[in-house]
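This report describes the arrangement of domains in a protein chain and the contacts between them. The sequence and structure come first.

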Amino acid sequence: MSDPVYRSVGPTTSTRRLMLTSLPLAVVATAVVLLAALEFAGVTAPRQLLDPGPLVRWALPITTTLHHFAMSLTWAALVFAVAVVPRGNGEEPAYKRTLAIAWGAAMVWTFAAVAIVILGYADTTGQPLTGSDAFVAQLFYYITDIILGQAWGATAVIAALTATLIALTRSRAGIAITAVISLAAVIPLSQLGHVAGVEDHDGAVNALALHYLGAGLWTGGIIVLATISTALFKSGYLTADRVLARFSGLAVVAFVLVVISGIINTVYRLDSWEALASVYGTLVIVKTVATLALGFVGYLNRRLIIARSGESGVRTRVWQLIAGEVIVLSAVMALGAVLARTNPGLERVREPDVTPAEVLTDYILPPPLGLAEWVTQWRFDWLWIAVAVLALTAYAAGVLRLRATGRSWPFLRTAAFVAGLVVLVYATSGVPNIYAPILFSIHSLRHLVLVFVVSTLLIAGHPHRLTSLLARPRTDGTTGWYEFVRAWKTSALGQMLSRPSVTAVLVVAVAIGFYYTPLFPLALHTLVGQELANTAALLAGLLFAASVLRVPGDSRRILTVLSVAIAVGAWAVLIATSPVLLQPEWFTGLGRDWGVAPLADQQRAATGLILTGTMPLLSAAAFLLLKPRSPKVASASNTALPVAARD
């Protein structure tokens, strides 16, 4: 699938040579910055107590830097293979090189993660590396019972699984699944975000997760782009231009994630402006300036990509800027690895967890819940804030693109979608996020808000319709929005989950059955469990709302909605009358000395279940009953492909 007609306007020979030399230059820059930063921060200096020796002191930060590079390359190469680099019949040179990079990087990632497990144990315990039975036994305990060892152990397992899957699969779906599995490594790694003295542990963890994702995809993407550049040139410069345009959009999102999450992480670790004068603060300033400079270069690059007219000079400048980004970004990642091992200097001092609420939740007991608290109490969940901001940006961009073509988009749809995102942010960052672990009534309220309120508002915004109007099919084997929607609608799972009867069972299981499974205590005890519960609630609600709200006037869908409303109502009656407290060890062990007793609070939750479950469902049923069925809507709803395919 080469494009020979474009060869005469591609990068010059000197540009190709620059792309090839940028990689070894990046290695040199990384080594220089890493060694200089380690010396400046004093990370490798001998310790007065529990010194593991020079081998561990030097090997751990160097191996960590190698790990971050390998992980980033694996992530980016897999994402490129799925959605950026033309696949063709699977034999395209750039595509094959991308998969080779992914496999090689995943192997290095695996070995580096295993090495960090061993080095991290020696560093934590302050003992040199040995092969003694005692060292091995304690290493096993470190991996299974200590959060640092658990995090790196889980990362090593994910890396090994990723490398294995890359070697075994070449299908589009298999590579996509492998990419998702590899990105899941951010979950254990983000657990390293617990910062001494920081009261908002969950916020620190989620901010670190976003930082890993943004930095990994941005840095890894730039390096992968440079590595496959010569193969792209051979495929034709039209192909290279297409890859640049696709990665440019991904890089913008990654840059925003890096900057915002970096600021949040810095605020968590430094307690004053004066702390910026410390060693840690100096490294933060250098990294921030370099990151912003790279963002400006990326902005210039994106302008050139969008405004170019197939001119050789423009293409040459674009690839020259990319070569420079490879070198600087590599150095910045090395700086970040050193920062992770540098003491912030002015740590916030926090008393040990002495109250029951602190022991169970990692937070002090919030004040009594009054009217004012519904406005004044906030604990930001940066993960869901990022999701909401990205969704809003994509939706707004879609509406603007649609209007630019001369087509209109109803304001009420936009208002519904924005309202859904606002409720999502409040449910995950406002009072429900603070009091959900304390009061069952608030926990169940938040859960049903995500299942029924947020999902209904988002689907009422018709994002699926907006996507279908704008998405265009790709002919090079990559997966875009059109291909994703088509694959979902034509898959057995997608067709099954489009049936109201199936999604009704699913939504009842998630909304109600969740509280009678081990998933409920998992959500109470762990941040990962909480985020998984929130995700499951939102996804189940979206699937249900999408399946029943597509065709107004359909009696079967109306009956399905009413059936779910009855199930929620019956559960509310059960909760109001049951003398059995769910998770009694948790809710009675918080030491809460205000408000009603835990059982009375659980019984009082029935009111919230009616307001956030039954009432929205009855409103949806009324909408389906009263709004006339449109033949145009009915036809579109039964079509397996996006509208763009028929335009």
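## Salt bridges and the domain interface

Asp-123 and Arg-47 form a salt bridge in which the closest N and O atoms are 2.1 Å apart; the term denotes a side-chain nitrogen of Lys or Arg within 4 Å of a carboxyl oxygen of Asp or Glu. Because Asp-123 belongs to helix H3 (residues 93–125) and Arg-47 to the loop between helix H1 (13–41) and H2, this pair ties together parts that are 76 residues apart in sequence. Helices (H or I, at least four residues) are DSSP runs, numbered from the N terminus. Over the whole structure, the search finds 6 salt bridges.

The model is predicted: local features need pLDDT of at least 70, side-chain atom pairs count only at pLDDT 80 or more, and totals for chains, interfaces and linings use all residues. Residues are numbered from 1 along each chain as its sequence is written, and side-chain values use heavy atoms, with hydrogens and water left out.

The domain assignment, which is automatic or taken from a database, divides the chain into domain 1 (19–340) and domain 2 (375–626). Their C-alpha centres lie 33 Å apart. Contact (heavy atoms within 4.5 Å) involves 23 residues of domain 1 and 17 residues of domain 2. Of the area buried between the two domains, carbon and sulfur atoms give 59%; buried area is the accessible area (1.4 Å probe) lost by two parts on being put together, summed over both. Polar contacts are pairs of N or O atoms within 3.5 Å, one able to donate a hydrogen and the other to accept it, with residues adjacent in sequence counted only if both atoms are side-chain atoms.

| Between domain 1 and domain 2 | Value |
|---|---|
| Buried area | about 1500 Å² |
| Salt bridges | 2 salt bridges |
| Polar contacts (both at pLDDT 80 or more) | 9 residue pairs |

Asp-476 forms a salt bridge with Arg-246, with the closest N and O atoms 2.9 Å apart. On the side of domain 1 that touches domain 2, helix H2 (54–83), helix H8 (201–227) and helix H10 (237–269) each supply at least two residues.

The chain has a mean pLDDT (the predictor's confidence in each residue, from 0 to 100) of 87, and 90% of its residues reach 70 or more. Residues 1–9 have pLDDT below 50. Where pLDDT is low, the predicted coordinates should not be read in detail.
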